[in-house]
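Please have the sequence and the structure open while reading.

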Amino acid sequence: MTVSPLSPSQVTSQTTKPETKCEIKDIGLASLGRQRIEWAGREMPVLKKIRDRFAIEKPLNGIRISACCHVTTETANLAIALKAAGADAVLIASNPLSTQDDVAACLVADYGIPVYAIKGEDNATYSRHVQIALDHRPNIIIDDGSDVTTALVVERSHQLSEVIGTTEETTTGIVRLKAMFRDGKLTFPAIAVNDAETKHFFDNRYGTGQSTLDGIIRATNILLAGKVIVVAGYGWCGKGVADRAKGMGASVIVTEINPVRAIEAAMDGFRVMPMTEAAKLGDIFITVTGNKHVIRGEHFAVMKDGAIIANSGHFDVEIDLVALESQSVSSSFVRNFTQEYRLKTGKSIVVLGEGRLVNLAAAEGHPASVMDMSFANQALAAEYLVKNQGKLEAGIINLPPEIDQEIASLKLAAMGIAIDTLTETQISYINSWTEGT
């Protein structure tokens, strides 16, 4: 099932005023961005249903939202939904290489949404944009990695009283929020959107699985069949990457630190071993752990000549690029997003997307139908925070199961899939302790 997205004029008065506050590459790219946003919207029927309701009910009317996300066509549809709900939203990029400049231009020109994102922006620019997001004095933060939330807590404690809550998209961000709460610094509710069932298995497994390999293929144009692919981490993202690599004919090795996940990988048919051993065997390495320096100097030293390394976890810290540079005599880009390091030993190692998320740096991120689920969760999480303002405790909270169920039901309906419902007899049996086998 496909749906037609709302036109700009259906959400807000169309504007082409370049004076809308922003820092983007080129406002002239707006028409191209509009076409691509509308194309993505065809594959996002759940968010479209929510947006239609939002446009009538205005549940976020007057709420200031600062969103730190990958500025893509899918995120644009979320931003448009927030605008339809009455929110005063500002959008900044969560990753310097994931921004789609035409999308940023369209959001500014056609929807009047302030955007601060330029593909390839440096760290200083990114940090400044985080400060701009906080200058918006947000009531709600939609975060990807908890950078804005962390900056708020550390640098803007005087604004904490204005915050209703935050929503977090990623596993890494939730880990940071838990540490923040443990240290007594998280004084408002933070919804773990990533932990919603309709987000983490769908987005991480199917989205990351497909889009990671898409990014690697776009960057290198290599055949995956017959290659030895080492997947570092066997969480939901790792499972998706390993499964799809196997499906394309690769021989997959998994590295893990968690014994339960390691057993699961072994029982799923994958070889499991430490990275020190896998480093000698792999043709392609993919990190999906969310941790730091998963591939380090001692691993580079034993890799095959021409080994390819990509990250699809979080940030650019999973590959120790400083160590790689120290072992190299030179480096150069041999293709877009494909950097070859010449080691002192004479071998070469190739890093994709500068060690950043390869699915966003070299490709377009998750398919729109995947982000439909993730951003439906984000939109309903923002509404939930507003509806329950003052009633929620500080700390990490999950979206209620009924919201998960609502999103799943909407997705099934959009896919034309019907499911069974319990009979009265079954309901009675499942809730009884007097009946049994």
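The points below take the helix packing and then the cavities.

The model is predicted: local features need pLDDT of at least 70, side-chain atom pairs count only at pLDDT 80 or more, and totals for chains, interfaces and linings use all residues. Residues are numbered from 1 along each chain as its sequence is written, and side-chain values use heavy atoms, with hydrogens and water left out.

**Helix packing**

- Helix 2 (residues 30-41) packs against helix 4 (residues 73-84) at an angle of about 80°, and their axes are 8 Å apart.
- Helix 2 is therefore roughly perpendicular to helix 4 (angles of 65 to 115 degrees count as such).
- Helix 2 makes the contact (heavy atoms within 4.5 Å) through Arg36, Ile37, Ala40 and Gly41, and helix 4 through Thr73, Glu74, Ala76, Asn77 and Ile80.
- Four residues of this contact of helix 2 with helix 4 are nonpolar, three are polar and two are charged.

**Cavities**

- A cavity is a set of points on a 1 Å grid over the protein atoms alone where a 1.4 Å probe fits but cannot get out.
- Two cavities of 30 Å³ or more are counted, and the largest cavity holds about 50 Å³ of space.
- Ala67, Cys69, Thr75, Leu78, Ala79, Leu82, Ala89, Val90 and Leu91 line the largest cavity (lining residues have an atom within 4 Å of a point).
- Strand 1 (64-69), helix 4 and strand 2 (88-93) each supply at least two residues of that lining, and helix 4 gives the largest share, four residues.
- The lining of the largest cavity divides into eight nonpolar residues, one polar and no charged.

Terms used
Axes fitted to C-alpha atoms, helices over the stretch in contact; angles between N-to-C directions. Parallel < 35°, antiparallel > 145°, perpendicular 65-115°, else oblique. Nonpolar A, V, L, I, M, F, W, Y, C, P; charged D, E, K, R; others polar. 1 Å grid on protein atoms, 1.4 Å probe; cavity = no way out; pocket = protein on both sides within 12 Å on 5 of 7 lines; lining within 4 Å. Points joined across faces, edges and corners; volume = space filled by probe spheres on them.
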